[in-house]
Amino acid sequence: AYEIYQCDWSSDVCSSDLGSQARPRPGRDPVADLAVGRKAPSFTLHDTDDKRVSLRDDVRGHWAVLYFYPRDMTPGCTKQACSIRDHWTTLKKRGLKVYGFSPDSVARHQKFSGKYGLPFPLLADEDHSAAERYGVWGEKKLYGRSFMGIRRTSFLVDPEGTIRHIWKKPKVAIHAEEILAV
């Protein structure tokens, strides 16, 4: 089927006639547009408690780390989440909010968060719309097999919604330390 896009050219976001999910404008590379100093793309997703969380209502006005990871309950993702958990007191003292994004469901996030005692919300990006807008959804290779998934990336966003730092391929075991070093 062909998709017809209706675009808001000022924000480079389009919606198709096959669904209301916003997508980057066809032919654009969203990673190239997301750089330090650019506005963070908007999103609205459900968190671990099944509450709606949005950039505009919940993140703006605070310093925040938005970290995108492939999947709950996997070794690397667990190390990354536990690194942040283990440094949570220091992160909070610095006034940082932290949001984890993955394509997992709210129910899976609840299990993951409960099992490891995560004190920060995980956002269910099941249709990977936020990951696409942040330019972190794409082709990956593992053991010679290609597939689509999240490329582990984190963003530091200031209170005005501007990206101030990007960690591409953060080190999972010490990611909280990487955050605190900025």
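Biologist: What share of the contacts with a separation of 6 or more comes from residues 24 or more positions apart?

Modeller: The model is predicted. Its chain has seven helices and twelve strands. Among the contacts in the chain with a separation of 6 or more, the share from residues 24 or more positions apart is 58%.

Biologist: Is strand β6 largely enclosed or largely open?

Modeller: Strand β6 covers residues 63-68. Buried means under 20% relative accessible area. Five of the six residues of β6 are buried, so the strand is largely enclosed.

Biologist: Which residue of β11 stands opposite Tyr 67?

Modeller: Strand β6 is joined by six bridges to β7 (residues 96-102), and these two run parallel; there, Leu 66 stands opposite Tyr 99. Five bridges join β6 to β11 (residues 153-157), in an antiparallel arrangement. In β11, the residue opposite Tyr 67 is Ser 154.

Biologist: What is the relative accessible area of Asp 104?

Modeller: The side chains of Asp 104 and Arg 108 meet in a salt bridge at 3.3 Å, N to O. Arg 108 is partly exposed, with a relative accessible area of 29%. Asp 104 is buried, and its relative accessible area is 7%.

Definitions and conventions
Residues are numbered from 1 along each chain as its sequence is written. This is a predicted model: local features need pLDDT of at least 70, side-chain atom pairs count only at pLDDT 80 or more; totals for chains, interfaces and linings use all residues. Side-chain values use heavy atoms; hydrogens and water are left out. Buried means under 20% relative accessible area, exposed over 50%, partly exposed in between (1.4 Å probe, protein chains only). Helices (H or I, at least four residues) and strands (E, at least two) are DSSP runs, numbered from the N terminus. Two strands pair if DSSP finds at least two bridges between them. Contact means heavy atoms within 4.5 Å. A salt bridge is a side-chain nitrogen of Lys or Arg within 4 Å of a carboxyl oxygen of Asp or Glu.
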